[in-house]
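Visitor: Please show me the model, and then I will ask what stands behind the words used for it.

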Amino acid sequence: MSGAAYGVGVGPGDPELITVKALRLIRSAGVVAYLAPEGGESFARAVVAQHLTARQTEIPIVVPMEAARFPAMEVYDAAARTIGAHLRRGEDVAILCQGDPFFYGSFMYLFERLAPDHRVEVVPGVSSLTACAAVSGLPLAGRNDVLAVIPAPLDEQVIEERLAAAPAAAIIKLGRHFAKVRRVLDRLGRTEQAWYVERATLPSQRVLRLADVAADAVPYFAMVLVR
Ligand SMILES: C[S@@+](CC[C@H](N)C(=O)[O-])C[C@H]1O[C@@H](n2cnc3c(N)ncnc32)[C@H](O)[C@@H]1O
């Protein structure tokens, strides 16, 4: 009998922000897979490290950080083959996903490769979007407001158009794109309505007015909320 793959959201960072279902599946899986940056620790694995045991097989999926998509796609092909082999042996595989698996999560690349031939279940998690709203005390949107989620790597003009049309917005994937985002918000006269949230729910969390953020120290795990 084939095993099942579970794309398990582990939440935004606080180990307590994980669902009961996710925890059960992670503890019972014989195999645990997760994305890891080249030469770095997996964020998702670190969140649930205390629940993993030596009897579990771990599959780190090391994704190159280059902008080119092809090397990453080859990595997902290889990871799907490895995970598929475990599933065919009847083992269950928990694939750890930071936040929610289907909210801008790379898990989707594994899902599309595994789902045609295997049983794959997606277990939603607390996403960084709702976590950032919670820790900053900023409701994301209300009434009939449209909420825009804008990836910061987009072109400056596109970000400006999207922001100009949105009463509420979350700008994700900041890192080295922060200065560009700051310029756009300044031009639109919305800097005063913008908050910066870094590493929400972790002990190193920072919540600042956008105007108080130093552009050269912005990490990837940060977002701007505009209301
Ligand atoms: C590729 S997306 C993945 C989102 C993830 N699947 C989720 O549901 O939160 C990564 C982006 O999410 C945001 N993010 C993730 N975790 C965060 C955190 N703890 N605090 C602030 N932003 C976070 C950052 O903008 C980061 O660049």
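Guide: R143 sits in the loop that runs between α5 (128-136) and β6 (147-151); helices (H or I, at least four residues) and strands (E, at least two) are DSSP runs, numbered from the N terminus. This is a predicted model, in which local features need pLDDT of at least 70 and side-chain atom pairs count only at pLDDT 80 or more, while totals for chains, interfaces and linings use all residues. Residues are numbered from 1 along each chain as its sequence is written, and side-chain values use heavy atoms, with hydrogens and water left out.

Visitor: Why is R143 called exposed?

Guide: Exposed means over 50% relative accessible area, buried under 20%, and partly exposed in between (1.4 Å probe, protein chains only). R143 has 87% relative accessibility, so R143 counts as exposed. Its phi is near 45°, a positive value in a residue other than glycine.

Visitor: What makes K173 partly exposed?

Guide: The relative accessibility of K173 is 29%, and therefore K173 falls in the partly exposed class. K173 belongs to the loop between β7 (168-172) and α7. Phi is positive here too, about 60°, although K173 is not a glycine.

Visitor: And why does T82 count as partly exposed?

Guide: T82 has 35% relative accessibility, so the label is partly exposed. T82 is part of helix α3 (residues 69-88).

Visitor: Which residues meet where α6 contacts α7?

Guide: On α6 they are E156, I159, E160 and L163; on α7 they are K180, R183, V184, L185 and R187. Contact means heavy atoms within 4.5 Å. The residues of this contact divide into four nonpolar, no polar and five charged. Ala, Val, Leu, Ile, Met, Phe, Trp, Tyr, Cys and Pro count as nonpolar, Asp, Glu, Lys and Arg as charged, and the others, Gly among them, as polar.
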